[in-house]
Amino acid sequence: MDKISFELQREINSKPLGEFDVIITLMEGVNAESLNLKSYRVLMSNILAARLTAKEIHVLAQNEGVQAIEPDAKMGIL
């Protein structure tokens, strides 16, 4: 399973030098501080929000403690 979602990879391919708002899901028991992110928000114990470059996303995807990286999108009311 690829840790970077299809949607996020498509965004990265279209703007390889851009920055992206992402949601990072960690494996159970992984501490967010071990990821060495410059800035992030803890949404739940194993879910983080961050703004990262494409390079940072690809490096983060190699971390064994990361389960998934997805785009952070605003949710509308149905």
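In this predicted model, the largest pocket holds about 160 Å³ of space. Its lining is made up of Leu35, Asn36, Leu37, Lys38, Ser39, Arg51, Leu52, Glu56, Val59, Leu60 and Asn63. By class, the lining comprises five nonpolar, three polar and three charged residues.

Helix α2 spans residues 54–61, and its buried residues are Ala54, Ile57, Leu60 and Ala61. These four cover an arc of only 125° around the helix axis, and they therefore lie on the same side of α2. The face of α2 turned away from the buried side carries the exposed residues Lys55 and Val59. Val59 also belongs to the lining of the largest pocket, as does Leu60, one of the buried residues of the helix. The cover over the buried residues of α2 includes α1 (6–14), β1 (19–26), β3 (47–53) and β4 (66–71).

The largest nonpolar core contains 19 residues. Within this core, the residues with the most contacts are Leu8, Val22, Ile24, Leu52, Ile57, Leu60 and Ile69. Two or more residues each are given to the core by α1, β1, β3, α2 and β4. Leu52 and Leu60, both named among the core residues with the most contacts, are also found in the lining of the largest pocket. When residues up to four places away in sequence are not counted, Val22 touches Leu8, Leu48, Ala49, Ala50, Leu52, Ile57, Ile69, Glu70, Pro71 and Asp72. Among these partners, Leu8, Leu52, Ile57 and Ile69 are likewise listed with the most contacts inside the core.

Thr25 lies in strand β1. Thr25 has a relative accessible area of 15% and is therefore buried, the cut-off being under 20%. With residues up to four places away in sequence left out, the contacts of Thr25 are Asn46, Val66, Gln67, Ala68 and Glu70. Glu70 is also a contact of Val22.

Asn13 is placed in helix α1. At a relative accessible area of 55%, Asn13 is exposed, because the cut-off for that class is over 50%. Asn13 and Ala54 are 41 residues apart along the chain, and their C-alpha atoms are separated by 8.9 Å. Ala54 is one of the buried residues of α2, whereas Asn13 is exposed.

Definitions and conventions. Residues are numbered from 1 along each chain as its sequence is written. This is a predicted model: local features need pLDDT of at least 70, side-chain atom pairs count only at pLDDT 80 or more; totals for chains, interfaces and linings use all residues. Side-chain values use heavy atoms; hydrogens and water are left out. Buried means under 20% relative accessible area, exposed over 50%, partly exposed in between (1.4 Å probe, protein chains only). The arc is that of the directions from the helix axis to the C-beta atoms. Contact means heavy atoms within 4.5 Å. A nonpolar core is a set of buried Ala, Val, Leu, Ile, Met, Phe, Trp, Tyr and Cys residues joined through side-chain atoms within 4.5 Å. On a 1 Å grid over the protein atoms alone, a cavity is a set of points where a 1.4 Å probe fits but cannot get out, and a pocket is an open set with protein on both sides within 12 Å along at least five of seven lines; lining residues have an atom within 4 Å of a point. Grid points are joined across faces, edges and corners, and a volume is the space filled by probe spheres set on the points. Ala, Val, Leu, Ile, Met, Phe, Trp, Tyr, Cys and Pro count as nonpolar, Asp, Glu, Lys and Arg as charged, and the others, Gly among them, as polar.
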